[in-house]
Amino acid sequence: GEDVEQSLFLSVREGDSSVINCTYTDSSSTYLYWYKQEPGAGLQLLTYIFSNMDMKQDQRLTVLLNKKDKHLSLRIADTQTGDSAIYFCAESTTASKLTFGTGTRLQVTL
Amino acid sequence: GAVVSQHPSWVICKSGTSVKIECRSLDFQATTMFWYRQFPKQSLMLMATSNEGSKATYEQGVEKDKFLINHASLTLSTLTVTSAHPEDSSFYICSALASGSTDTQYFGPGTRLTVL
């Protein structure tokens, strides 16, 4: 079946850029997503990218997709303490069923 | 943006009782809703896909008689955990697809279930 992997933990200083990486195995993935989950809360959709795109930028967020290597990354510019959360990447095909990654806990230090 | 609510946000129950969790799309209609389960420090696992007016589709390994899903209207899906046991304690999250949309799921805030 599909597999989505992420590193478990990332620590950055406030004001620096954060880069969260994700790899997936399903070559038929149509959409790739980034979600943010704060403690005890549901998931907030941050951004998504179609599989035929290489990059998408939305304010402080930049998503890069390397379809050949099946690698997705999320860059957060000027990381703030409010960005501390767990970030999940997810992929889906046309069936709309999401397969989530293992989640990366982002810790922002002062 | 699209808002999905869940009720209750947390519930504690005794072993053997049944618990109903509601998922509502507040400002859009959702033909399809999804139910996920999340254990502490783990990812979300899809339990079932709920389609308005028809039976839910369960993922492999999920007991349909234990996790009853009803999607009676375009804005409401319910998950009932029947005869709950401590191992059912988890964080249950629903999501909704806007009718006519196939690319974005909007997630509810989750329901934390603790079975004593």
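Me: What percentage of the 116 residues in chain B is buried?

Reply: Heads-up, this is a predicted model, where local features need pLDDT of at least 70, side-chain atom pairs count only at pLDDT 80 or more, and totals for chains, interfaces and linings use all residues, while side-chain values use heavy atoms, leaving out hydrogens and water. Residues are numbered from 1 along each chain as its sequence is written, and chains are lettered from A and ligands numbered from 1 in the order they are written. Of the 116 residues in chain B, the buried share (under 20% relative accessible area; exposed is over 50%, partly exposed in between; 1.4 Å probe, protein chains only) comes to 48%.

Me: And what about chain A: what share of its 110 residues is buried?

Reply: For scale, the C-alpha trace of chain A spans about 40 × 30 × 20 Å along its principal axes. Of its 110 residues, the buried ones make up 45%.

Me: How many strands does chain B have?

Reply: Helices (H or I, at least four residues) and strands (E, at least two) are DSSP runs, numbered from the N terminus. Chain B has zero helices, and from the N terminus on its elements run β-β-β-β-β-β-β-β-β-β-β. Its C-alpha atoms fill a box of roughly 40 × 25 × 20 Å along the principal axes. So much for the outline; the strand count in chain B is 11.

Me: Among contacts in chain B between residues at least 6 apart in sequence, what percentage joins residues at least 24 apart?

Reply: A contact here is a pair with heavy atoms within 4.5 Å. In chain A, 54% of the contacts between residues at least 6 apart join residues at least 24 apart. For chain B, that figure is 55%.

Me: Is A:Ser92 buried or exposed?

Reply: A:Ser92 belongs to strand E9 of chain A. Beyond its neighbours within four places in sequence, A:Ser92 contacts A:Ser29, A:Thr30, A:Tyr31, A:Tyr33, A:Lys97 and A:Leu98. With a relative accessible area of 0%, A:Ser92 is buried.

Me: How far apart are the C-alpha atoms of A:Thr109 and A:Arg13?

Reply: A:Thr109 is part of strand E11 of chain A and counts as partly exposed, at 29% relative accessibility. Setting aside residues up to four places away in sequence, A:Thr109 touches A:Ser11, A:Val12, A:Arg13 and A:Glu14. A:Thr109 and A:Arg13 lie 96 residues apart along the chain, yet their C-alpha atoms are separated by 4.7 Å.

Me: Which strand gives the largest share of the lining of the largest pocket?

Reply: A pocket is an open set of points on a 1 Å grid over the protein atoms alone where a 1.4 Å probe fits, with protein on both sides within 12 Å along at least five of seven lines, and lining residues have an atom within 4 Å of a point. The largest pocket has 29 lining residues, with A:Leu98, B:Leu44, B:Met45, B:Leu46 and B:Glu59 nearest its centre. Strands E9 (85-92) and E10 (98-100) of chain A and strand E5 (44-51) of chain B each supply at least two lining residues. With four residues, the largest share comes from E5(B).

Me: What is the volume of the largest pocket?

Reply: A volume is the space filled by probe spheres set on the grid points, which are joined across faces, edges and corners. The second largest pocket holds about 400 Å³; among its 23 lining residues, A:Gln37, A:Ile86, A:Arg105, B:Gln38 and B:Lys41 are closest to its centre. The largest pocket has a volume of about 640 Å³.
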